Amino acid sequence: MKGLSWTIAATGLAVAIYGLSVNAANVSNSPELGKKPELRLSEVSNKDEKFYNQRGIERASAGKITEAIADFNQALQINPQYAEAYRNRGIARGLSGDLKAAIADFNQALQINPQYADAYKNRGKALMLSGDLKAAIADFNQALQINPNDDDAYYSRGVARDKAGDLKGSIEDFNQALRINPKYVDAYNNRGVKYAQTGDLKAAIADFNQALQINPNNADSYNNRGLAYSKIGDVKKAIADLQKAAKLFQQQGDTAKSQAALDQIRQINNSSKIRT
């Protein structure tokens, strides 16, 4: 059937220190490895770079990106060798859309700490969003060499490999991400799409099932499973899934994807009428 519109979960920059994460629009909600305990502002002097770094994180989490960048600036004014503040400001700048400045900050973080795996990973994300897939993959490789247990780095490299046309490599990376984190919804969704594109619709549907078992409100996986059902001729299940996807997309404010799912339903109905 022509016109099938699989939906891939993308990847993007996320502030995720001390377990805190902030996601840009249309990016993955995948977790990053924030292992440090949360720092309370009341426990730190406002003359300490850690105060401004933590307040920047909290402001970013509230969507106050400009204020967050100002705080990271202040932290770096106090301590110009604060690699974590460069990394955090890079993420905030990336979320604001200034990818060039974001990459410059990740460069600074890595100049201070050449073993900073998370700075490599986030620079890789910024490079990928900038369209430099080769450099992005090289950064993800470096991040994984330093920290081979980072599910998000495998996932991000899988997305980059997919964009570069490396279908096999992308599936391998999604496999690795799921080995580390069996609850990684976006990895199941994306691997399912790749399986579908190879013609293995049974494996694709199994992955979409897994994604929906973990997150029953994942609109992308309903959309994709509906398309997979339509490919195997199960019109009833296809339409039910696409209707659910359209409703969820609408509730999430994504009217374009909602309309695309409704268009798929009309296409399936028209194809069914032609066959009968």
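Select helix 7 and helix 9: helix 7 passes helix 9 in a left-handed crossing (the near helix is turned anticlockwise from the far one by less than a right angle). The model on screen is predicted: local features need pLDDT of at least 70 and side-chain atom pairs need 80 or more, while totals for chains, interfaces and linings use all residues. Residues are numbered from 1 along each chain as its sequence is written, and side-chain values use heavy atoms, with hydrogens and water left out.

**Stop 1: helices 7 and 9**

Helix 7 covers residues 151-163 and helix 9 covers residues 185-198. Helices here are DSSP runs of H or I with at least four residues, strands are E runs of at least two, and both are numbered from the N terminus. The two axes lie 11 Å apart, at an angle of about 25 degrees. Each axis is a line fitted to C-alpha atoms over the stretch in contact, and angles run from 0 to 180 degrees between N-to-C directions. Helices 7 and 9 are therefore roughly parallel (under 35 degrees; over 145 is roughly antiparallel, 65 to 115 roughly perpendicular, the rest oblique). Show side chains next. From helix 7, Tyr 155, Val 159 and Asp 162 make the contact. Helix 9 supplies Asp 186, Ala 187, Asn 190 and Lys 194. Contact means heavy atoms within 4.5 Å.

**Stop 2: helices 3 and 4**

Move to residues 83-95, helix 3, and residues 99-112, helix 4. Their axes come within 8 Å and cross at roughly 165 degrees. Helix 3 and helix 4 are therefore roughly antiparallel. Helix 3 passes helix 4 in a left-handed crossing. Pick out the facing residues: on helix 3 they include Tyr 86, Arg 89 and Ile 91. Their counterparts on helix 4 include Asp 105, Phe 106 and Ile 112.

Stay on helix 4 and check its length. Its 14 residues should span 20 Å at 1.5 Å a residue, and its end C-alpha atoms are 20 Å apart, which agrees. The expected span is 1.5 Å times one less than the number of residues. Colour by burial. Among the buried residues of helix 4 are Leu 99, Ile 103, Phe 106 and Leu 110 (buried is under 20% relative accessible area, exposed over 50%, partly exposed in between, with a 1.4 Å probe and protein chains only). Helix 3 and helix 5 (117-130) are included in what covers the buried residues of helix 4.

**Stop 3: Arg 89**

Centre on Arg 89, in helix 3. Arg 89 counts as buried, at 12% relative accessibility. Not counting residues up to four places away in sequence, Arg 89 touches Ile 69, Phe 72, Asn 73, Leu 76 and Asp 105. Now draw a C-alpha to C-alpha distance to Ala 75: 10.0 Å in space, 14 residues apart in sequence.

**Stop 4: helix 1**

Select residues 49-61, helix 1. Its 13 residues reach 19 Å from first C-alpha to last, close to the 18 Å expected. At its start, a side-chain oxygen of Asp 48 comes to within 2.8 Å of the backbone nitrogen of Lys 50. Buried positions in helix 1 include Phe 51, Tyr 52 and Ile 57. Just after helix 1, Gly 63 has a positive phi of about 85 degrees.

**Stop 5: Asp 241**

Jump to helix 12, residues 235-251, and find Asp 241. Asp 241 is buried, at 6% relative accessible area. Beyond its neighbours within four places in sequence, Asp 241 is in contact with Tyr 222, Arg 225, Gly 226 and Tyr 229.

**Zoom out**

Show the whole chain: 13 helices and two strands. Of its 276 residues, 51% are buried. Among contacts with a separation of 6 or more, 52% join residues 24 or more positions apart.

Methods:
Polar contact = N/O pair within 3.5 Å; in protein donor to acceptor, adjacent residues only side chain to side chain.
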